[in-house]
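Colleague: I'm new to this one, so let's look at it together. Can you walk me through what the labels rest on?

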Amino acid sequence: MKALSIPDACSDLSVIRAADGDRFQAAMDGCGIKSHHYYFPRLLFGGQRKDRLLLFEEAAGALLLYNLQQRASGLGLSLYLPPFPFSGAALERARERMRDFNRGRAGRIDWVQEEDAGLVESHGFSTSLREREFIYDRAAVAALEGSEFARVRRYLSALKKHDMLVVREFTPADESACLSVYEKFRGQLQAKGVGPKGYGAMIRCLNEAAQIPASHMRGEVFEIDGTVRAYSFGGPINASYGCVYLTVADHEFPGLAYALRHQMMKSFPELAYFNDSTDNNRAGLREMKQRFRPVEMHGICKAQEIRH
């Protein structure tokens, strides 16, 4: 996949590379970050598309992550996330860069955590809710105790009827089998009228997962009777929050979607919470995620610069 060319006005900005993982996570530590939009592998694998490129710089002790995107009116530049750690001086630099690039049009921030909305608004932006994310108590999901998790336990028990269920770590040799699972998964969704998103990011993840240290991302593969039927990727956003980044499961085995999430949260006992992103306006996905009993439906906003 060929990404956008970087225009001269952005030539001093950097493309995200796998080697930047430690730098990004260090900048996120202690910032109160919990959103899946900050998860480094998500930024890395989803940051280069035919119509979008994520670029960054450091200013005033903060990282500024920009979204260079092809729009109907031409190339546009927005701030993908607020500066992290937050800095008013860094935000002002980003505002000036956006104004210059966008020929004076008001700047915007694509994704703002609801708890950061006040900070952003105090620097001349208005915010509005964009989506809500599912956040779980990791230990509670790992234990699955009590009547509130009875449905999840039943789905997991249904998998025990198979003679051989193997859960193991993803390796590059699994790429072809995982692609086959995805093609079947995509067809199953399309049959329900759902157009799955993120194909390019998923391909990059399978191709480049080995570049990400296990401390940042873990891949897990589920085999039933010797055939790969599901896989997932996820890991820490920071020292407290994890991200269920990518899950793909053959719908012929309904318990697998539950097992992927349960296993991922069991794999990181050092984390307190896990973020499982949004429901993508899919009723079935929403119902499944609710069965894991989220402790918070975390709000994510967008922000628009107020011009007088």
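Colleague: Where is Arg293 found?
Modeller: Look at the loop between H10 and strand E13 (296-305); Arg293 is found there. Before we go on: this is a predicted model, where local features need pLDDT of at least 70 and side-chain atom pairs count only at pLDDT 80 or more, while totals for chains, interfaces and linings use all residues. Residues are numbered from 1 along each chain as its sequence is written, and side-chain values use heavy atoms, with hydrogens and water left out.

Colleague: Why does Arg293 count as partly exposed?
Modeller: Buried means under 20% relative accessible area, exposed means over 50%, and partly exposed is in between (1.4 Å probe, protein chains only). Arg293 has 42% relative accessibility, so it counts as partly exposed.

Colleague: What is the phi of Arg293?
Modeller: A positive one, about 60°, although Arg293 is not a glycine. Most residues other than glycine have a negative phi.

Colleague: And what about Asn281: where is its place?
Modeller: Asn281 sits in the loop between strand E12 (273-275) and H10. Its phi is positive too, about 60°. With 70% relative accessibility, Asn281 counts as exposed.

Colleague: Why does Lys289 count as buried?
Modeller: Because its relative accessibility is 2%, Lys289 counts as buried. Lys289 belongs to helix H10 (residues 283-290).

Colleague: Which residues does Lys289 touch, not counting residues up to four places away in sequence?
Modeller: A contact means heavy atoms within 4.5 Å. On that basis, Lys289 touches Phe134, Tyr136, Arg261, Asp276, Ser277, Thr278 and Pro294.

Colleague: Which backbone oxygen does the side chain of Lys289 reach?
Modeller: That of Thr278, at 2.6 Å. A polar contact is a pair of N or O atoms within 3.5 Å; within protein, one must be able to donate a hydrogen and the other to accept it, and residues adjacent in sequence count only if both atoms are side-chain atoms.

Colleague: Over to Val167: why is it called partly exposed?
Modeller: Val167 has a relative accessible area of 36%, so it gets the label partly exposed. You'll find Val167 in strand E8 (residues 165-169). Leaving out residues up to four places away in sequence, Val167 touches Val221, Phe222 and Gln263.

Colleague: Why is Arg105 partly exposed?
Modeller: Its relative accessible area is 38%, so Arg105 is partly exposed. Arg105 is in the loop between H3 and strand E6 (108-113). Neighbours within four places aside, Arg105 is in contact with Leu75, Arg99 and Arg307.

Colleague: What kind of peptide bond joins Phe84 and Pro85?
Modeller: A cis one, with omega about -10°. Most peptide bonds are trans. Pro85 is in the loop between strand E5 (74-79) and helix H3 (88-101).

Colleague: Last one: how do you know that the radius of gyration agrees with a compact globule?
Modeller: The radius is taken over C-alpha atoms, and the globule rule is 2.2 Å times the number of residues to the power 0.38. For 308 residues a compact globule would come out near 19 Å, and the protein has 20 Å, so the two agree. As for burial, 51% of the 308 residues count as buried.

Key
Helices (H or I, at least four residues) and strands (E, at least two) are DSSP runs, numbered from the N terminus.
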